[in-house]
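Please examine the sequence and the structure shown below.

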Amino acid sequence: MILLANQNSSNEQVLAHYNTSEKGLTAAEVTTRQQKGINELQEGKKDNIFKQIGHHLSDIASLVLLFAVILSTYLAATGHESWSQPLIIGGILVLNVSISIYQEKSAEKALAALKDMNVRESTVIRDGIRQTVESKDLVVGDLVVLSAGDQIPADGRLLTANNLTINESILTGESEPVEKTSDEIEPTKEIGERYNEAFSGTGVVQGNALMVVTAIGMDTELGSIAGLLNQTSKKKTPLQEKLDTLSKRLTTVALIGGVLIFIIGFFFRGFDLSSGLIMGVSLAVAAVPETLPIIVTISLSYGVIKMSRKNAIMRRVNSVETVGSIDVIASDKTGTLTQNQMTVTKYWVPKNAPESTSSEVSEDSKEFQLMRFMGLATDAQIKEVDGEKVEMGDSTELAIVHWMEKANTTRFELEKDYPRVDEDPFDSNKKLMATLHKTPYGKYLLVVKGAIDRLPVQLTDEQSKQVQSVNKQFAQQALRVLSVGYTLLDEKPNGPLDATQIPVKLAGLIGIIDPPRPAAITAIKKAKSAGITTLMITGDHPETAKAIATQMGICEKNDRVITGSHLRDLSDEELQKNIENIKVYARVSPEDKIRIVKAWQANDSTIAMTGDGVNDAPAIKAADVGIAMGITGTDVSKQAADMILTDDNFETIVSAVEVGRTIYQNILKAVEFLIGVNFAQLFMMIFAVAMGWGSPLLAEQLLLINVLADGIPGFYICREPSEGNNMEKAPVNRKTSIFADGLAQRVTFRAVVFTILTLSIFSIGLFSLSNSSITFARTMLFLVLALGSMIDIYVIKTRSKLTLQTFTNNMPLNIGLLGTMLIVVAIATIPGLREVFGFTALSSTAWIYVIISIFIPSILLELNKRFSLRKEKRTVQS
């Protein structure tokens, strides 16, 4: 990167520092310097497919299934078991790993988009000759010629700059072009204030320049962003962390149970080694909710569809649930919180109070008189190209064009009576422009527009105080202030028109702002009621930023606003300690944004970061939920993001949060639905073996329950509608246990109910009925456990009391449940098929026991829920 110490040097000193001259480098010097590196961005090393598979197989739940596959394969090969077990368990394991790898494949494309921003060819001076070369062959010390429309190929120090403006929005996030100079300036780290430098990837809007290359490839500002993208990795989502914890707990229980059941069976019940191993496989199958990863993926995928209907496109499926956990949104200002269209909102004419602009402007009003002067001295216009309106010109002048639309007029309409005969174009040094018009009565009207402190107007002390007061008032309202003056001339001035040499009379001031989106203000209020903090990040001046943030309800008058330079003075510990008191960040760098993200994450918050520029990409990637703008966003920011807003609207983020919370709530319901039965299976098997009853269910029978009876209904639980009060609750903290909010009690209660019920049914089938046998008992137990766990999904799928609507608001679930019940009954009853899975025919008495028993869990679970709801209500009232 350019050395700040050299910015105060003359051109000769700059050239000498980079060992070049006004004739540029020689061919030999270029060849020597190219050995140090080329002008390209470098990608970080990625894991190959085998490492990715190994990574996912190292997951605890996958290891348990892998162990079960190996063990069941051995038993099948030695003739102790059928091949159905290893094939079914192995298929589930392959499916889970494949889904995980597929989700990661779409994650790392941001740097590829960044590399596409490299300029292919550049105009340079080498050996005193102007020539075109491939941009990747540029070296430090090259002299690059820049013209309007060029994209800058490397970082450089400007040696000349003629009316040069550069769009640096990809680095700074601000859409306004920056005026550049070749003059010496004070050293600064702020990219937006390094006016005598040009940066790789930015574009020349107007003017021309000559620059000496000071940094190439990864050493450029664009390269530092690429480096940050390479170094930044996504954290696990809160759901992934919680499911990992759940897997560890289940595995611990399974291991303890496996050792316990082996000790009991081998040492106390006379099981041989193969029988003990078979029990181990069965226990592994019982312990792992095989369909949970698939149910979670289906739930998240359904969330993707729902969010897309609300203008939020999810690039990473796992992030759907994370959106629901967001408790901090760090939002870019321009276009997201604001309308991204500069608008004239205030005006002032001398001897009057400032007023808001009207929705319709009449020609006899003072507003129209001021508008006419502004419009005559405006070059921006809106043209129709191929049937579409295209805005051409500076955003500030376009604000005046839109203002004139309120009076149903244009500059060209005004010029019918006052044709333009001469002009003095805007100059960045003068901060003014002037136009000369011939009047209908033979005189000439000079209009001068620009900064109030540069306008050639003479004011009395009283007039000066009034102007300063209005100017300050507008500035406090975050308005950009523009002034206009006029004078009548008897004759057209000789020579070039010079706006600074002719005194004018002040016509008035206007205040221009990119106004807040009304919907964004409402959304910020809704987010606050949902426990979500909104931050604003902008390239504006701190005072301007705070004024807009205050208008939008982001911060109070006493809240802190911090700039990038002040942020860099804070240590990571100081920033983390004070982060919750800072609501507005002005003029921050990509590194600063990452620090903001990590400081919130260190406080266990789940943060979303929005942006549209290249400079936003590293922080977007580092955030728990990275959000890019679909309309104004660069490809780099989109590829780094988890979510893309197709309407660039902050309100869409809040709508997506509501969907995310519903999806998370439904995933918890799926966990409750699956885990309770899994624990019941574990306890049931350990108790039955300890009692000497044998194995209550075979491994393939447990798989049928886990995959069919629990899995298929679980697929449809993702379609459950919101509970209705999602946005009235605080976000779920990433450290909050998955068993919080009563889930542990409900899972325990359900596990106990099913453990007692299944052991009772198994003992009845084994000992009490006339044709009792272990196969007979297993058939009864299978039907009760499978059908009973399916029916009680209606109790689980709503946190409120059961009503008729509970059974009708999710018809796909009803259809899926009915179909699965028919399959389960068919497997256990159809001759030939039932014997394959180790079942037998039941007597009419046995069927009565089964039919009554399958409704017992639902009744008990609903009673438990109503008791808990009454207890919660009494707690709230007290």
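Which residues are buried in α17? In this predicted model, they are Val467, Val470 and Phe474. The helix itself covers residues 461-476, which makes 16 residues. From its first C-alpha to its last, α17 reaches 22 Å, close to the 22 Å expected at 1.5 Å a residue. Viewed down the axis of α17, the buried residues fall within an arc of 70°, so they line one face of the helix. These buried residues pack against three strands, namely β10 (343-348), β17 (480-489) and β18 (505-513). The face turned away from the buried side carries the exposed residues Asp461, Glu462, Lys465, Gln468, Lys472 and Gln476. After the helix comes alanine 478, whose phi is positive, near 65°.

The interior of the chain may be considered next. In soluble globular proteins, nonpolar side chains tend to be buried together. The largest nonpolar core of this model has 139 residues, of which Val323, Leu446, Phe650 and Phe782 touch the most other members. Helix α25 (residues 650-690) supplies the largest share of this core, with 23 residues. Phenylalanine 650 has contacts beyond its neighbours within four places in sequence, including Ile329, Leu337, Ala520 and Ile524. Its contacts also include Ser331 and Thr336. Another core, of 40 residues, lies apart from the largest one; among its members are Ile579, Tyr585, Ile596 and Ile644.

Threonine 806 lies in helix α31 (residues 804-808). Leaving aside neighbours within four places in sequence, this threonine is in contact with Tyr794, Lys797, Thr798 and Lys801.

Charged side chains form the next topic. Side chains of opposite charge can pair when their charged atoms come close. In the whole structure, 27 salt bridges are found. One of them joins glutamate 413 and lysine 416, at 3.1 Å from N to O. Both residues lie in helix α16 (residues 411-417), three residues apart, about one turn of the helix. Glutamate 413 is partly exposed, at 40% relative accessible area, while lysine 416 is exposed, at 60%.

In helix α35 (residues 856-877), glutamate 862 and arginine 866 are four residues apart, again about one turn of the helix. Their side chains meet in a salt bridge of 2.8 Å, N to O. Here glutamate 862 is buried, at 9% relative accessibility, and arginine 866 is partly exposed, at 29%. A further salt bridge, of 3.9 Å, N to O, links lysine 136 with glutamate 134. Lysine 136 is partly exposed at 34% relative accessibility, and glutamate 134 is partly exposed at 41%. Salt bridges also link Asp379, Arg411, Glu415, Arg420 and Glu423 in a network.

The mean pLDDT of the chain is 84, and 91% of its residues reach 70 or more. Over residues 1-8, however, the pLDDT is below 50, and this stretch has 31 contacts in the model beyond near neighbours in sequence. The pLDDT also stays under 50 over residues 106-111, for which the model has 16 contacts beyond four places in sequence.

Technical notes
Residues numbered from 1 in each chain as written. Predicted model: local features only at pLDDT ≥ 70, side-chain atom pairs only at ≥ 80, totals over all residues. Heavy atoms only, no water. pLDDT = per-residue confidence, 0-100. Contact = heavy atoms within 4.5 Å. Core = buried A, V, L, I, M, F, W, Y, C linked by side-chain atoms within 4.5 Å. Buried < 20%, exposed > 50% of the residue type's maximum accessible area, 1.4 Å probe, protein only. Helix = DSSP H or I, 4+ residues; strand = E, 2+ residues; numbered from the N terminus. Salt bridge = Lys/Arg side-chain N within 4 Å of Asp/Glu carboxyl O. Expected span 1.5 Å × (residues − 1). Arc of directions from axis to C-beta.
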